[in-house]
Amino acid sequence: MSKESGSRGSEAVQATGERPLLQVSGLKKYFPVRAKHLFSRKKERIRAVDGVSFFIQPGETFSLVGESGSGKSTTARVILRLLEPTAGEILFEGKNLGLLSTEEMRLARREMQMIFQDPYASLNPRMTVGEIVGEPLAIFNAGDSSQRARRVSELLATVGLASQHAKRYPHEFSGGQRQRIGIARTLALNPKLIIGDEPVSALDVSIQSQVLNLMKDLQEEFKLTYLFISHNLGVVEFISDRIGVMYLGTIVEMAAKESLFRKPLHPYTQALLSAVPVPDPSHHRERILLPGDIPSPSAPPSGCRFHTRCRDCQEVCRREPPDLYEAEPGHYVACHSRASRP
């Protein structure tokens with residue numbers, strides 16, 4: 001990893017005490033863009049993830065939140081090497097995933113599984129539920145056919161489905177049930193880390209709470225660690241221990257859930273939280289409206305990437321990108337304006 005890729009915010013990922021299960025340092029993912037003109041020499045790149053650093057301790061839930069296009073899902077896919085990183089370092093249980101061979105990475109994925117956003121698109125419609133849930137067991141030759149069938153029944157019961165559901169097909173289930181099937185599949189190989197990429201955003205609100213409660217129960221029962229991706233702050237507040245706020249490929253704030261919701265420091269986080277509905281009608285919250293749209297990741301603004309929409313913008317914000325620094329114990333923010341305050 002280059003010095004540049006790991007410098008920004010690296011101090012924010014140095015956990016103390018127990019070794020992190022997952023540690024990400026200076027992670028970058030750029031996508032090349034085809035030139036608009038045939039003879040153009042300028043090579044454009046979409047900077048989907050640009051210097052992201054964080055850690056996750058065993059047994060905790062770390063969430064990434066932000067607008068669509070902020071780089072949350074790309075970060076998740078790069079961690080699993082479903083996409084190859086452009087730069088940066090990913091350590092899982094101390095092993096550098098970027099240095100693993102294809103076979104070594106295949107074996108490492110037994111410990112890392114993913115719950116996808118669309119519970120229907122992520123399930124093969126031509127396979128029965130039993131085949132879908134048992135597929136990871138078959139791929140890794142875990143037991144004989146009868147042992148795998150028993151394991152499938154156990155997994156379905158764990159997520160609240162009956163063993164007879166194994167003979168049915170995905171289209172015969174509701175959205176919430178299909179997501180339970182997806183969760184059962186992720187549990188098949190007893191993983192340590194589960195990445196949830198917007199796992200409840202496609203579900204009705206009433207079903208969302210059921211799936212979230214199931215995930216929390218499973219975390220406690222199986223000692224799971226979650227990386228949770230969402231744009232819904234209400235969901236994030238319910239399930240998270242710590243939260244990282246992403247904007248245009250970077251983390252602009254990172255803190256424990258209680259600290260972030262009680263005292264957001266970055267103007268972008270403040271704007272996001274101001275849009276969260278308050279259940280008490282007598283309580284008035286000032287809504288912070290951000291001007292304009294999120295800039296293109298192929299041509300991000302110079303300096304602080306948020307300065308084009310920030311009400312606290314200073315001249316230094318247009319020139320220099322802010323570092324992620326510890327403003328309060330365990331509370332990190334990347335903001336020149338905040339750094340200049342007492």
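**Entry 1: an aspartate in a strand.** I looked up Asp 197 and found that it belongs to strand S7, which covers residues 193–197; I keep in mind throughout that this is a predicted model. For a polar partner I turned to the side chains, where Asp 197 and Ser 73 are joined by a polar contact of 2.7 Å. Leaving aside residues up to four places away in sequence, I listed what Asp 197 touches: Ser 73, Arg 77, Met 114, Ile 115, Phe 116, Gln 117 and Ile 229.

**Entry 2: aromatic pairs.** I next asked how many aromatic pairs the structure holds, and the answer is four. One of them is formed by Phe 54 and Phe 62, whose ring centres are 4.9 Å apart and whose planes meet at 15 degrees, so I record this pair as stacked, given that planes under 30 degrees apart count as such. Phe 54 has 0% relative accessibility and therefore counts as buried, and Phe 62, at 0% relative accessibility, counts as buried too.

Turning to Tyr 247 and Phe 306, I noted an edge-to-face pair, with 5.1 Å from centre to centre and 90 degrees between the planes. Tyr 247 is in strand S9 (residues 242–247), while Phe 306 is in the loop between helix H10 (267–274) and helix H11 (315–319), so this pair ties together parts that are 59 residues apart in sequence. Both Tyr 247 and Phe 306 are buried. I also found that ring pairs link Tyr 247 and Phe 306 with Tyr 268 into a cluster.

**Entry 3: lysines over rings.** I then checked for charges placed over ring faces, and found Lys 29 over the face of Phe 31, at 5.1 Å from the ring centre. Lys 216 likewise lies over the face of Phe 238, here at 4.7 Å from the ring centre.

**Entry 4: confidence.** Finally I looked up the confidence of the prediction: the protein has a mean pLDDT of 89, and 90% of its residues reach 70 or more. Over residues 1–11, however, pLDDT stays under 50, and for this stretch the model has 24 contacts beyond four places in sequence. Where pLDDT is low, the predicted coordinates should not be read in detail.

Notes
Residues numbered from 1 in each chain as written. Predicted model: local features only at pLDDT ≥ 70, side-chain atom pairs only at ≥ 80, totals over all residues. Heavy atoms only, no water. Phe/Tyr/Trp six-rings, centres within 6.5 Å; stacked < 30°, edge-to-face > 60°. Buried < 20%, exposed > 50% of the residue type's maximum accessible area, 1.4 Å probe, protein only. Helix = DSSP H or I, 4+ residues; strand = E, 2+ residues; numbered from the N terminus. Lys NZ or Arg CZ within 6 Å of the ring centre and 35° of its normal. Polar contact = N/O pair within 3.5 Å; in protein donor to acceptor, adjacent residues only side chain to side chain. Contact = heavy atoms within 4.5 Å. pLDDT = per-residue confidence, 0-100.
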